[in-house]
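Dear colleague,

I am handing over the structure below, followed by some notes on what was found in it. Please read them alongside the coordinates.

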Amino acid sequence: MAIKNLKEWKVLEDHYRKIKNVSLRDLFDENKNRIDDFSIEASSIYFDFSKQLVTQETINYLISLAKARHLSEEINKMFRGERINNTENRPVLHIALRNRSNTKIMVDGKNIMDDVNRVIEQMIQFSDKVRNGSLAGYTGKKFKNIVNIGIGGSDLGPLMVAEALKYYGRNDIENYFVSNVDGTHMAETLKKINPEETLFIIASKTFTTEETMTNATTARKWLLSILRDEKAIAKHFVALSTNQQKVEEFGIDVNNMFEFWDWVGGRYSVTSAIGLSVMIKIGSENFIELLKGFHEMDNHFKNAPFEKNIPVIMGLLGIWYNNFFQCETHAILPYDQYLHRFPAYFQQGDMESNGKSVTRDGVEVDYQTGPIIWGEPGTNGQHAFYQLIHQGTKLIPCDFIGFFKPLNNLGDHHPKLMANLIAQSQALAFGKNKEELEHEGVLAPLIPFKTFSGNRPSSTIMALQLSPRTLGNLIAMYEHKIFVQGIIWDINSFDQWGVELGKVLAKKVLQELKSTEKTRLQHDSSTNKLIEKFRHYNHA
């Protein structure tokens, strides 16, 4: 049934009209135990959603909507390995990559955990050899530079995790990530590294991804221009791929080809072989701890009742704001510098998953789906865009992410950082009204400018300390929140056809940009003019 025809949806519409102007001040005054009723602890995460514009009635109605959309059964379908990616006829089994209980997961009559465990063991043996120096470069020097060449999830995932867990990494091993086909990205990376001490990891399932293979080919030429022996390629390049023929043609030893599978989407693949660069940096023991953190949150999501299920509540709150308050964006605000790429990671994770305008049956939707995800680490963001969140005309739900204990305990830095996190969520929720300003002696002409309306919703997500296991909890939590919203909206969160059209057109345009023949262009006038101008300045 279409979502707007569900009685649970209509109940929420009526409820929204009744409480859309609810005051958070009043809600906290009426319920002195609100924090106890609107917070959840699971794994290492403390999730406070008391500052959201909801009552217990709201939560109950949202849970009823989730049940009407058969969320429990859809969760079980994913964990059972059913083909829930219907447009590509694939299972969705990133949860298998971190299945530390090793429970059987059957696909086409085969327990895929055998393959998962085999590749993890291959990664462990390889990364341990790189770290202890028994696997070295062509001239015998230890690897100090690990250059991951990928794009999308094959870049954003390991980049974000490598940055997040840098504290746990070896200081004598440096991670680099090259993704953009813009030659500057590769050129600036090559300036910093010694080829004798560099290992390149090429992440492309098909080994045909244009951006990745363009960068990989440039890296190959650079290495050969200095080491001058084709045999050096096998010593300095490994592949995360399934295309053995292409890998061999490149010159890579197939024993250094790490497999991953079509039931893992790129944006969910960091716990697969795509995480090899991370494992080399932080060590296999820490990487296994990361997997354990994912698995803990997977189990929580699968087994906890909805009212105590963090990803479910996060997802339902997003539905509440996106579809009833008509909010179009959502800010992720980590108060930890190590997580500075976390919002960018979930820009892809969320927007590529739920940026869809048709249902799983191919029917055009008549409601908002995925929000625009954005954010920066605190306190930098406070001096950039918080003005708009506090006093602008747009309602922007926020997630504040912080830790009770720092990894780098310098003076009073951490108390100041956490004071800002806590104060920002408080200020957004409760604001400052005219009476309070008058009591403070603020002059009447300035009162409109210093008034804060409050009622700006946020959740606060805290953990004891940033660790591999905690990071696994956090990432899996957001992954499953995305899944919940996809089910409610009845969209396929696991395909990404929207990225294809531009790629197809780019191939045709590329041929025309390179052509020196005066062929008649047959695009629109804007495209034709841009191609002509490029030719003029590059073929003159």
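Two strands are taken to pair if DSSP finds at least two bridges between them, and helices (H or I, at least four residues) and strands (E, at least two) are DSSP runs, numbered from the N terminus. This is a predicted model, in which local features need pLDDT of at least 70 and side-chain atom pairs count only at pLDDT 80 or more, whereas totals for chains, interfaces and linings use all residues. Residues are numbered from 1 along each chain as its sequence is written, and side-chain values use heavy atoms, with hydrogens and water left out.

On those terms, six strands form an open sheet of mixed pairing in the order 1-2-13-12-10-11. Its edges are strand 1 (39–42) and strand 11 (372–374), each of which pairs on one side only. Neighbouring strands of this sheet are turned against each other by 15 degrees on average, direction ignored (axes are lines fitted to C-alpha atoms, for helices over the stretch in contact, and angles run from 0 to 180 degrees between N-to-C directions).

Within the sheet, strand 12 (residues 398–403) and strand 13 (residues 458–463) run parallel and are joined by six bridges, with Phe-403 standing opposite Ala-463 in strand 13. Helix 16 (residues 342–354) packs on the sheet, where it touches strand 10 (329–334), strand 11 and strand 12, contact meaning heavy atoms within 4.5 Å; the direction of helix 16 makes about 165 degrees with that of strand 11. Helix 18 (residues 413–430) lies across strand 12 and strand 13, running at about 155 degrees to strand 12.

With regards
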